[in-house]
Amino acid sequence: MADFTELLPDPLPADPLAVTAAWLKEAFAAHAQPNPNAMVLATASPDGRPSARVVLLREIVPEPGYVQFYTNYLSAKGRQLKDNPRAAAVIHWDAAHRQVRLEGPVSFAPGADSDRYFAARAWPKRIAAWASAQSQPLEARASLLRSLEESAARFGTPVPGEGPPAPGEDYEVPRPPHWGGYRLWVEAIELWVEGDARVHDRARWLRTLTRAAEGGYQGGPWVATRLQP
């Protein structure tokens, strides 16, 4: 396993998202946990009630400065992001003794990004995206399985989970209109490295975001501050 012992350099890095991308790459290479891109995403209702869940981080783009994930737009988090388009996220690599906290506004990812990622998923997962009304009440699991069967019949595929698929087999299953990507535009980020005797190394970067074309943002320069552990 890789040795993750270094603290944050002095002076602090100019681009904390580039550091985050490097840490994620190292976490994948270390094979120390099943999903090194697991990210706790926190959203809030219009009246300020928070909720959190784990999603998979699919891309870090240091410039212009966002992280990207995908989900059902009609899920609980999707409805909250529609009403209150801001989020916070945490990525924690326990084996690497590292953590990243992110905060900022959220926008939809371009449709082309969502189409490309959805097409790259295995066809059973694409069928499941059509079958599930994520976060909605379910009378019984049998109802979900019927929806799965109906979605499979709609697109002419086997029912996912009913026997192993033939090697290399694929089907044309388009992206549902209710499913796609989000971009969390990072205006605040904290990097944390575990230290001996709980004397951890922490630093926080802030920047100002301004609206840019097509619903995105343009970030100003990062301002870094070391924090007490």
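I count a salt bridge when a side-chain nitrogen of Lys or Arg is within 4 Å of a carboxyl oxygen of Asp or Glu. The model is predicted: local features need pLDDT of at least 70, side-chain atom pairs count only at pLDDT 80 or more, and totals for chains, interfaces and linings use all residues. Residues are numbered from 1 along each chain as its sequence is written, and side-chain values use heavy atoms, with hydrogens and water left out.

Entry: whole structure. I searched all of it and found 12 salt bridges.

Entry: Asp 115. I found it paired with Arg 175, closest N and O atoms 2.6 Å apart. Asp 115 sits in helix H3 and Arg 175 in the loop between helix H5 (141-155) and E7, so the bridge ties together parts 60 residues apart in sequence. I take helices (H or I, at least four residues) and strands (E, at least two) as DSSP runs, numbered from the N terminus. For accessibility I use a 1.4 Å probe and protein chains only: buried is under 20% relative accessible area, exposed over 50%, partly exposed in between. Asp 115 is partly exposed at 40%. Arg 175 is partly exposed at 23%.

Entry: Asp 113. Its salt bridge goes to Arg 183, with 2.9 Å between the closest N and O atoms. Helix H3 (residues 111-120) holds Asp 113 and strand E7 (residues 179-185) holds Arg 183, so parts 70 residues apart in sequence are tied together. Asp 113 is buried at 13%. Arg 183 is buried at 13%.
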